[in-house]
Amino acid sequence: MTELRMFPDYYLKLFTGRLTADYQQYLEIISEEDKFLFAADAGIIIPWRDVALRVEVREKFLKSFPNSKLAKKIKDELKDYRYAYLAGYDNTQTNEKGIFFPENVKEFRRFVKENPNSETSKIIVEMLAQKRNSEELWSFIKQRI
């Protein structure tokens, strides 16, 4: 399998100084993120902290630019990254049979501590407070995001 990708900063270099603040910031975000491949073969290949950063960045973007024409796109990306962060992908899950791996619990607690007012933090707190099997957990996450 081959994947062709643009240079991460191609559009940023092309359009810097010609865009509204929200579009400029979005290009800066994706230019930075596109330096590293996010997932391959149904697995997340960046550290959990970096997945969390993608969630944080999108939440902050929506607070900074609530009326942006990019809001729907950002919300869709936020939903995808939240799911990846909370549940993982097939080959990099956050839990086994509904029991979270210690590294994910540690990361979730860090996230909540650093982002106490985040919607994602609210989901994490509720998610960690209740015991669920895998299917119930995935259902909960899908419903909340």
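## Aromatic pairs

Tyr-85 has a relative accessibility of 0% and so counts as buried (under 20% relative accessible area, with exposed over 50% and partly exposed in between, for a 1.4 Å probe and protein chains only). The model is a predicted one, in which local features need pLDDT of at least 70 and side-chain atom pairs count only at pLDDT 80 or more, while totals for chains, interfaces and linings use all residues. Residues are numbered from 1 along each chain as its sequence is written, and side-chain values use heavy atoms, with hydrogens and water left out.

Phe-108 is likewise buried, at 0%. Tyr-85 and Phe-108 form an edge-to-face pair, with 5.3 Å centre to centre and 80° between the planes (ring centres of Phe, Tyr or Trp, the latter by its six-membered ring, within 6.5 Å; planes under 30 degrees apart are stacked, over 60 edge-to-face, the rest tilted). Because Tyr-85 lies in helix H4 and Phe-108 in helix H5, the pair ties together parts 23 residues apart in sequence. Tyr-85, Phe-100, Phe-108 and Phe-111 form one aromatic cluster.

## Packing of H3 and H5

The axes of helix H3 (residues 48–64) and helix H5 (residues 102–114) come within 10 Å and cross at roughly 30°, which makes H3 roughly parallel to H5 (angles under 35 degrees; over 145 is roughly antiparallel, 65 to 115 roughly perpendicular and the rest oblique). Residues in the contact (heavy atoms within 4.5 Å) include Trp-48 and Arg-49 of H3 and Arg-110 and Phe-111 of H5.

Key:
Axes are lines fitted to C-alpha atoms, for helices over the stretch in contact, and angles run from 0 to 180 degrees between N-to-C directions. Helices (H or I, at least four residues) and strands (E, at least two) are DSSP runs, numbered from the N terminus.
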